[in-house]
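Here are a few exercises to work through with the model open beside you. Try each task before you read its solution.

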Amino acid sequence: TPISSSEHHIMARVRPLSSGQQRFLQLLLARHVLSDAEAQNLYAALSRQAQAAGEAPLGRSLEHCLGVINDSLSAGFGMEIRTVSLDRRCAGPQNEEEEAEANKDEQEEESSAGARKSSKKKAAAAKNKNTVRYHAVVNKVADPAAKSTFMTATASSAPHHSANVRTPHEMAYLRRIVEKIVERGMDMDEAGTGGGSEGVGAGSRGCLGRIAVLNLRNELDGPHEGKVGLAQAQQQLSCLIGERWLVATNPPHDEDDEEEDGDDDEETEGAGGKRKRGGRRKSGGRTSLDGLGGDGPALSHLMVGPRTYMELPDLLKDVGLERVPQFILHSGR
């Protein structure tokens with residue numbers, strides 16, 4: 001098939017990526033979201049590989065690498081690498097080993113270059129200790145209706161993200177989860193839980209227990225009432241956590257077994273119909289995320305994940321979140 005003039009124009013604007021940049025993009029797409037520490041470590045590892053193989057460098061820095069990739073994605077595919085910065089209290093547990101490795105590489109780079117941090121850089125470093133940056137490839141082209149109903153979740157899944165096509169009922173369930181988590185965060189701010197909202201940066205500190213989240217399917221009404229079963233809800237939560245729309249976390253320090261969330265009453269479904277299963281299983285003060293968190297730490301609660309902040313800011317505003325993070329965009333120019 002002959003290439004059209006518009007396709008020629010797009011190809012002319014797309015900047016070819018080096019082998020290392022292509023590998024970085026492939027891994028970012030496969031992992032859905034990378035924290036800044038994870039991205040720094042990946043950039044460092046791929047840069048060493050490129051140098052050893054005599055290939056072109058990934059860029060002058062991680063930010064430059066992201067910018068070069070972003071220019072190609074934006075021009076040719078209507079996608080972009082988007083970055084958000086969240087307050088650590090709104091981001092869930094972090095991988096301490098990844099962060100330590102990233103800090104080590106940064107210190108070695110400064111030392112080898114003979115760099116000396118200015119007061120401005122020191123202030124920026126101190127601020128960064130209180131925030132966590134995340135990077136992800138997102139779809140730029142999404143109409144308002146799609147964003148408000150989580151169609152973005154499906155749109156951005158193709159072709160590079162895992163194609164988990166969600167039904168309207170699952171979308172309504174997802175919206176309800178985010179709405180209740182944000183509502184809990186506002187309650188925490190008003191009640192002064194965990195020190196109140198003073199000094200809290202972008203994001204929501206709200207979280208809900210796993211069983212409470214599963215039971216939210218019973219709050220769906222209208223055409224969605226009774227349309228999301230327990231097994232379907234568990235499968236959807238597993239997918240949402242894996243793609244970082246939600247993140248697993250520990251419960252608030254002052255929350256006692258989450259009685260108000262109704263975590264002691266989980267419905268199970270079997271041949272005999274629905275029945276209640278009471279009592280949370282405990283392990284070292286934590287509740288296992290059965291089927292939701294893989295082999296990772298036993299984290300009993302869920303909070304809004306970085307990908308939701310990146311792709312669904314309008315919905316977050318719609319459900320009342322005031323501290324919606326601003327996007328950080330990258331350019332290779």
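**Exercise 1.** How many salt bridges does the structure hold?

*Solution.* This is a predicted model, and it holds eleven salt bridges. Let's look at some of them.

**Exercise 2.** Take the salt bridge between Asp-318 and Arg-175, and work out which parts of the chain the pair links.

*Solution.* Start with the distance: the closest N and O atoms are 2.5 Å apart. Next, place each residue: Asp-318 is in helix H13 (residues 313–318), while Arg-175 is in helix H9. That's 143 residues apart, so the pair links distant parts of the chain. Finally, check accessibility. Asp-318 has 52%, and the cut-off for exposed is over 50%, so Asp-318 counts as exposed. Arg-175, at 25%, is partly exposed.

**Exercise 3.** Find how far apart Lys-180 and Glu-183 are in helix H9.

*Solution.* Their side chains meet in a salt bridge, 3.5 Å from N to O. The two are three residues apart in helix H9, so about one helical turn separates them. Glu-183 is partly exposed, with a relative accessible area of 33%.

**Exercise 4.** Are Arg-205 and Asp-189 buried or exposed?

*Solution.* First, the contact: Arg-205 forms a salt bridge with Asp-189, with the closest N and O atoms 2.8 Å apart. Arg-205 lies in the loop between H9 and strand E4 (208–209) and Asp-189 in helix H9, so the pair ties together parts 16 residues apart in sequence. As for accessibility, both residues are buried.

Key. Residues numbered from 1 in each chain as written. Predicted model: local features only at pLDDT ≥ 70, side-chain atom pairs only at ≥ 80, totals over all residues. Heavy atoms only, no water. Salt bridge = Lys/Arg side-chain N within 4 Å of Asp/Glu carboxyl O. Helix = DSSP H or I, 4+ residues; strand = E, 2+ residues; numbered from the N terminus. Buried < 20%, exposed > 50% of the residue type's maximum accessible area, 1.4 Å probe, protein only.
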